[in-house]
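Please open the structure in the viewer and keep the sequence beside it.

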Amino acid sequence: MNPQFNTNFISGIMPNDKNIEIFGCQATRKVFFIQNGKTQNFNELEKNKKEVIAELFFSDAVAQKDLGHLKLTQALEEFTFCCFGSADNSTDIFEDGTLGNVEFNTCKVGCRCEKWESKRVKINGFAITPRELQVLKFLATDYADKEIAHILNVSPSTLDTHKAHLLRKFSVHSKSGLISEAFKLKIITL
């Protein structure tokens, strides 16, 4: 076998792969999935697979409150977009119906889903606050700290406090170490 050949295919992309990769369109927030080599609309997802997503949704009071004004089918699709909408090489729903890990990098900074219980990020036993998650996403950009503080409407010293908390929670000693760990854990992506 060629050592450069990558065997980490996106789930569902091969014709007999019953695992599912969910992805969403950023412009429309519509959700699709790939299974058995075919791309389909979210509404075509098997009932038992939708039910496991619904269980997660109904266990999240904050998400229910945020999406309560929508019809259940719309709320479930929006919830799925926010929790599983990144096309990556991590299975979202396994063949046996088990859910994969919630994705933290689907939405833009400031999305209401940052406060959902389902999207709580825990690192080394520490919960990452929604604000720390915002800071982390901005730290991975080309913005200078001063610009990040301005965008987040906080003082530079408050931004430094958030960074210090993140460094401690991730058990790293530098911004580059922090960003590297966040990428490894798929909390942020390019």
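Residues are numbered from 1 along each chain as its sequence is written, and side-chain values use heavy atoms, leaving out hydrogens and water.

**Confidence.** Colour the model by pLDDT, the predictor's confidence in each residue, from 0 to 100. The protein averages 88, and 95% of the residues score at least 70. Now select residues 1-7, where pLDDT stays under 50. Where pLDDT is low, the predicted coordinates should not be read in detail.

**E78.** Next, select helix α3, residues 72-84, which contains E78; helices are DSSP runs of H or I, at least four residues, numbered from the N terminus. Is E78 buried or exposed? E78 counts as buried because its relative accessibility is 10%, the limit for buried being under 20% relative accessible area with a 1.4 Å probe, protein chains only. Show the contacts of E78 (heavy atoms within 4.5 Å): beyond its neighbours within four places in sequence, they are R29, L67, L70 and R112.

**Two helices.** Finally, select α5 (residues 145-152) and α6 (residues 156-170), whose axes lie 9 Å apart at an angle of about 100 degrees. The two are therefore roughly perpendicular, a term for angles of 65 to 115 degrees. Display D145, I148 and A149 of α5, which meet P156, L159 and K163 of α6.

Methods
Predicted model: local features only at pLDDT ≥ 70, side-chain atom pairs only at ≥ 80, totals over all residues. Buried < 20%, exposed > 50% of the residue type's maximum accessible area, 1.4 Å probe, protein only. Axes fitted to C-alpha atoms, helices over the stretch in contact; angles between N-to-C directions. Parallel < 35°, antiparallel > 145°, perpendicular 65-115°, else oblique.
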